[in-house]
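Trainee: Could you take me through one part of this model closely? I would like to see how a single side chain sits among its neighbours.

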Amino acid sequence: MNMNNTNKIVTAFNNFDKWVTYKIAFDLLDERKTTLREIIEIAKKVGIAPSVIKYRRRYFLQLKS
């Protein structure tokens, strides 16, 4: 993955704001500039469980449809 994109996600999770953070991460995912696995690993470092990331991803996809 591109380190610039990884840094954007890390920064977003370190300055956590639910809607902003997930939008940044999932927009990069939708653009195929990161993977869900990478997002999960970054989120785990700030104490967010993988199940929460997967739930939020499903929710964001529902909002798009």
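Mentor: Start with Phe13. Leaving out residues up to four places away in sequence, Phe13 touches Thr21, Tyr22, Ala25, Ile39, Ile42, Ala43, Val46, Ile48 and Ile53. A contact here means heavy atoms within 4.5 Å. This is a predicted model, where local features need pLDDT of at least 70, side-chain atom pairs count only at pLDDT 80 or more, and totals for chains, interfaces and linings use all residues. Residues are numbered from 1 along each chain as its sequence is written, and side-chain values use heavy atoms, with hydrogens and water left out.

Now widen the view. Phe13 belongs to the largest nonpolar core, which has 14 residues. Such a core is a set of buried Ala, Val, Leu, Ile, Met, Phe, Trp, Tyr and Cys residues joined through side-chain atoms within 4.5 Å. Buried means under 20% relative accessible area, with a 1.4 Å probe and protein chains only. Among the residues with the most contacts inside the core are Phe13, Ile9, Tyr22 and Phe26. Helices H1 (3-14), H2 (18-30), H3 (36-45) and H4 (50-64) each supply at least two core residues. H2 gives the largest share, five. In soluble globular proteins, nonpolar side chains tend to be buried together.

Step back to the whole chain. The protein has four helices and zero strands. Helices are DSSP runs of H or I, at least four residues; strands are runs of E, at least two; both are numbered from the N terminus. Buried residues make up 34% of the 65 residues. Of the contacts with a separation of 6 or more, 57% join residues 24 or more positions apart.

Note on methods. Buried < 20%, exposed > 50% of the residue type's maximum accessible area, 1.4 Å probe, protein only.
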